[in-house]
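Subject: Structure handover

Hello,

Here is the structure we spoke about. My notes follow below it.

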Amino acid sequence: MSHPSVVSPGKPVALASGVHWIGALDPSMRRFDIILNTANGTTYNAYAVRGAHGVAVIDTVKIEFADEFFARLEAVCRYDEIRVIVLNHLEPDHSGALPELMRRAPNAKLVLSQRAPAILKALVRELGTEPECTPVGDGDVVELGGRTLAFVHTPYLHWPDTQCTWLEDEGMLFSGDVFGCHFCDDRLWNDAVGDFRFSFDYYYQHIMRPFRAFVLEALDKLEGLAPRVILPAHGPLLRTSPREYMARYRRLATPELGSGGDEKTLLVFYVSAYGNTARMARAVAEGAEQVRGLRVSLFDLQMSDVAQFVDLIEEADGMVFGSPTLNADAVKPVWDLLSSLTLVAVKGKFGAAIGSYGWSGEAVGLIEDRMRGLKMRVPLKGLKVKLNPTEDDLERCRGLGRELGAHITGTARRRVVDIAELA
Amino acid sequence: MPKASVTFEDIGVTVTVPAGTRLIEVSEKVGAGITYGCREGECGTCMMKIVAGAENLAQPSVLEHQVLADNLAPRAARLACQAQVLSGEVVVRPG
């Protein structure tokens, strides 16, 4: 059965009694936020909800699409009817039309999450005044007259400010970026548009994955609502089998190796030109293997795809990177992997660096700096060895492996040092 | 110079420091899990939990108070880029 377009220029799309889609289509978008490819564009979904006492606008659109948004909004209500503007997420693709909306609807109250006011202040500087707003959290509601908007605090999905809005009488969840995707289809509904499964997963992998612990916390709250319809801020509107999308998020966010009991994991990665760094890496792994409760894996970084290692790192408790120093730098395969780790949560994981060098050995320090930048713990000073490691050097590598393993398994002895001893 | 000590619980290391040292000067050198953003007390990235010895830190500035409030910080939280150890023992962990 074919489905016709439901989107016409200047016209809102009715979703339920008094509930309209007033967003915009962006079919020509091909790269979003620098990091995302979009095979067929995206949508900026904004909504209007009418109650007996006025209208709530939920999110806006990217500034380039403000005219479309205002045309649809004006077909739904007068500006003086707008009582509240709900901001589920303040990123500019959803708040682009906000300053103009605030000018046109000066009596509307801004409702946003408790983490949002500081971000809002920086976003609407052009207004010249600090905006008044009402921060809300779990359990807070806005009465529209005969229907109520309730708020669900879902931080870090994928900004600190993110929240969801719940319209109970219709069973509609306005979810912000959660359950969204970059997929533009003017048939809007998930049972009418083309196959967007890859876009849904791709969006999760690039936007939500680094925050998967927060995803699981949010799902605990949102699944309990059992929404009839999920209305995300991008992509198709999910009216058919909305629970399937929640279940998909839960599957994607649940650790795959989480059933291993207390066993911890350490990954030792290396790149080696003449075998020296490889020998050091093997020695680190040997030392770590002596630690009870630690599963150690050793990988030559040049022999596999970065994406596979990123998956392993997401589940690991610690990592060692071995790199020779070439022209005062770590080598490219190491940087390729280290620059791919923003896709996964590595904060708090343990790390260490080792490497053989010819002249100066900068690689170790540079890798340590990167790991700290990724919010990892780097409790041990890295080991660098000029050219061929001696048996003493390899024993120091084994010692590093043992000590790092002890940190990972929580059995490290406590140390007392003077600040003067620290480099 | 009077000495104080800072224990980083997450890595099990205690560092003796001269009185007046800021946490940021120690935690990075020792490899603790406290991480930094702006390093100027504005972003709140380096929020940490004071497990013990909060009274041995200099009082937070007006700016630090504000940033902690903006970030809905719990009572035992401080910003590592701002907190200065004055004396005695302080025990911290990443926030």
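Beyond its neighbours within four places in sequence, A:Tyr47 contacts A:Val19, A:His20, A:Trp21, A:Ile22, A:Ile58, A:Asp59, A:Phe174 and A:Leu231 (contact: C-beta atoms, placed from the backbone, within 7 Å). This is a predicted model: local features need pLDDT of at least 70, side-chain atom pairs count only at pLDDT 80 or more, and totals for chains, interfaces and linings use all residues. Residues are numbered from 1 along each chain as its sequence is written, with chains lettered from A and ligands numbered from 1 in the order written.

A:Tyr47 also belongs to the largest nonpolar core, which has 72 residues. A:Tyr47, A:Val49, A:Ala56, A:Val57 and A:Ile85 touch the most other members. A core here joins buried Ala, Val, Leu, Ile, Met, Phe, Trp, Tyr and Cys through C-beta atoms within 7 Å; buried means 20 or more other C-beta atoms within 10 Å of the residue's own. A second, separate core has 49 residues, including A:Val331 and A:Leu400.

Next, the strands (DSSP E runs of at least two residues; helices are H or I runs of at least four; both numbered from the N terminus). S17(A), residues 264-270, pairs in parallel with S18(A), residues 294-300, over 7 bridges (pairing needs at least two DSSP bridges). A:Thr265 bridges to A:Arg295.

Now the interface. Chain A gives 20 residues to the contact and chain B gives 19. On the chain A side, strand S22(A), residues 415-418, supplies the largest share, 4 residues. S22(A) runs parallel to S2(B), residues 13-18, joined by 4 bridges. There, A:Arg415 partners B:Val13.

Best wishes

Terms used: Contact = placed C-beta atoms within 7 Å. Buried ≥ 20, exposed ≤ 12 C-beta atoms within 10 Å, placed from the backbone.
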